[in-house]
Amino acid sequence: MAAESPVESLLEEATCPLCLEYFTDPVITDCGHNFCRGCLSQCWEGPGPAITCPQCRETVQQRNFRPNRQLANMVELVKRLSLQAPKGAGGEHQGVCGEHQEALKLFCDEDQTPICVICHLSQAHRAHRVVPIQEAAQEYQGKIQAHLKTLREEREKLLGWKVTGEGRSQEYLKQTQAERQKIVAEFQQLRQFLEEQERLLLAQLEKLDEEIGRLQTDTVRKLSVQISHLSEGISELEGTCQKPASEFLQDMRSTLSRCEMGPFQPPEEISPELDERVRGFSRQTTALSETLRQFTDTLPSALEGSGGKFLGAFRQGEVSNGD
């Protein structure tokens, strides 16, 4: 199979792979391929910001399309050269002058257009620099190949940046996943510690409640006995007072002695040790509240000091999805 001619290669480089026409408003994608902007718009499958590249099937973002001005300039040069690929085995096909119907064998360097011999003899091109069309093709092909080299190098550079960026992003994701696990573990330990302290304090408080309850029960029992005894004496004396005078005054000595039932025992005061334990719990609760308040104030400030402005903005709900 015959090797592809330089002219055919030049035409292929200037042709959009979708519409098979010269590039119109060419753009370059993340994956390094070039298309007409309008052709890519027709490939859109939905409202999302990404499509699949028609050549390599990679996902590309619309916002990353960049105008390829060098390629657009090259296409304009190719258009002006009006070159066509060779056809058939009978020799090279030459373009035909639209005005004189003669083969376009010459190239006007000043007007940048192929011309025929008659055009060269006309007043329009007589004073211009004119060279054989093949010589002009080789000259401009060299220029365009230099542009193509630059474009390919630029594409390779972009691909390298893409690979580097993806690798860096993966490393960052690994780091954030590791930090996520650390945070979960730290807060789990903190929750376990706080729950253990809560159970310990509540158990001590329950024990103190039981002791206070026993003291209260014993005090009520003793007072109830004295109240019952006193109530019986009062009832008996009230009954004596209701008797007739002759009967009431009999055995007055015994009646008076029953009036002297005291002294009665007051309830036992709460012991200093129990009182101190109750006060101690009150101090513990105050210290707990103050410690937790300091903790809730200090932790966010410490995190902001380590994480910079991002954590402060996150606490205030200022972090958007785009950031």
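I began with Glu13, which counts as partly exposed at 31% relative accessibility (buried is under 20% relative accessible area, exposed over 50%, partly exposed in between, with a 1.4 Å probe and protein chains only). The model is predicted, so I noted its limits: local features need pLDDT of at least 70, side-chain atom pairs count only at pLDDT 80 or more, and totals for chains, interfaces and linings use all residues. Residues are numbered from 1 along each chain as its sequence is written, and side-chain values use heavy atoms, with hydrogens and water left out.

I then looked up the partner. Glu13 and Arg152 meet through their side chains in a salt bridge, 2.9 Å from N to O (a side-chain nitrogen of Lys or Arg within 4 Å of a carboxyl oxygen of Asp or Glu). The two sit in distant parts of the chain, 139 residues apart: Glu13 in helix α1 (residues 6-13), Arg152 in helix α5 (residues 133-241). Helices (H or I, at least four residues) and strands (E, at least two) are DSSP runs, numbered from the N terminus. Arg152 is partly exposed at 34%.

Next I checked Glu58 and Lys162, whose side chains form a salt bridge of 2.4 Å, N to O. Glu58 is in the loop between β3 (50-52) and β4 (59-61) and Lys162 is in helix α5, so the pair ties together parts 104 residues apart in sequence. Glu58 is partly exposed at 35%, and Lys162 is partly exposed at 24%.

Last, I looked at Arg293 and Glu290, a salt bridge with its closest N and O atoms 2.6 Å apart. Both are in helix α8 (residues 272-307), three residues apart, which means a separation of about one helical turn.

I recorded a count of twelve salt bridges.
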